[in-house]
Amino acid sequence: FPQGSLIQAPIWGLGIHLSGGAMHEIDSNDVAFRNCAQDLWDNFLPKLKPTLIEPWMDVEINCPSQFASDVSNEFSKRGGVVQDQTIEGTDAVIRGETALDTMFGFINDLRAGTKRSEE
């Protein structure tokens with residue numbers, strides 16, 4: 001059941017914790033747990049009133065290492081989540097994820113910010 005009910009797109013970031021059950025040697029098997037999950041999917045998920053969220057994207061930013069902190073901060077200010085940052089010599093690579101609409105105008109802000117830092 002990887003697809004949602006609204007637009008048949010994959011469900012992302014959903015976690016379910018089952019509690020209150022007991023282990024039974026005969027009835028506790030893979031099929032029983034799959035049936036339980038399917039029942040939750042069919043009956044409980046619609047009651048959560050799912051909503052559509054904006055598209056998210058993976059981002060990889062390459063920049064001179066001297067600007068890595070400024071670039072990372074600008075990315076975070078826009079709601080981006082930095083997942084990894086590596087510096088190799090004079091180059092830095094920042095990897096993260098963010099909503100697609102936060103990236104519009106990002107390159108212009110980066111150019112302006114890094115140009116000011118050179119002066």
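**Figure 1. Surface and overall fold of the predicted chain.** The chain exposes about 9100 Å², and 54% of that comes from carbon and sulfur atoms (Shrake-Rupley method with a 1.4 Å probe; for residues, only the protein chains shown count as cover). This is a predicted model, in which local features need pLDDT of at least 70 and side-chain atom pairs count only at pLDDT 80 or more, while totals for chains, interfaces and linings use all residues. Residues are numbered from 1 along each chain as its sequence is written, and side-chain values use heavy atoms, with hydrogens and water left out. Three helices and three strands make up the chain's elements, in the order α-β-α-β-β-α from the N terminus (DSSP runs numbered from the N terminus: helices are H or I with at least four residues, strands are E with at least two). Of the 119 residues, 23% count as buried (under 20% relative accessible area; exposed is over 50% and partly exposed lies in between, with a 1.4 Å probe and protein chains only). Looking at contacts between residues at least 6 apart in sequence, 61% join residues at least 24 apart (contact means heavy atoms within 4.5 Å).

**Figure 2. The buried side of helix H2.** Helix H2 spans residues 68–77, and its buried residues are Ala-68, Val-71, Ser-72, Glu-74 and Phe-75. These residues lie on the same side of H2, because they cover an arc of only 160° around the axis (taken from the directions from the helix axis to the C-beta atoms). Just after H2 comes Gly-79, with a positive phi of about 90°.

**Figure 3. Thr-98 and its surroundings.** Here we zoom in on strand E3 (residues 91–99), where Thr-98 is found. Thr-98 is buried, at 1% relative accessibility. Its side chain makes a polar contact of 2.7 Å with the side chain of Thr-102 (a pair of N or O atoms within 3.5 Å; within protein, one must be able to donate a hydrogen and the other to accept it, and residues adjacent in sequence count only if both atoms are side-chain atoms). Beyond neighbours within four places in sequence, the contacts of Thr-98 include Trp-56, Met-57, Phe-75, Gly-79 and Met-103.

**Figure 4. Salt bridges around Arg-78 and Asp-109.** The structure holds six salt bridges (a side-chain nitrogen of Lys or Arg within 4 Å of a carboxyl oxygen of Asp or Glu). One of them joins Arg-78 and Asp-109, at 2.3 Å from N to O. Arg-78 sits in the loop between H2 and strand E2 (81–88) and Asp-109 in helix H3 (residues 106–118), so this pair ties together parts 31 residues apart in sequence. Arg-78 is buried at 19% relative accessible area, whereas Asp-109 is partly exposed at 37%.

Figure 5. In one view, Arg-34 pairs with Asp-30, with the closest N and O atoms 2.9 Å apart. The two are four residues apart in helix H1 (residues 30–44), and therefore about one helical turn separates them. Arg-34 is exposed, at 54% relative accessible area. In the other view, Asp-84 meets Arg-95, with closest N and O atoms 3.3 Å apart. This pair links distant parts of the chain, since Asp-84 belongs to strand E2 and Arg-95 to strand E3, eleven residues apart.

**Figure 6. Two cysteines.** The structure holds zero disulfides (pairs of cysteine sulfur atoms within 2.5 Å). Cys-36 is partly exposed at 31% relative accessibility, while Cys-63 is buried, with a relative accessible area of 9%.
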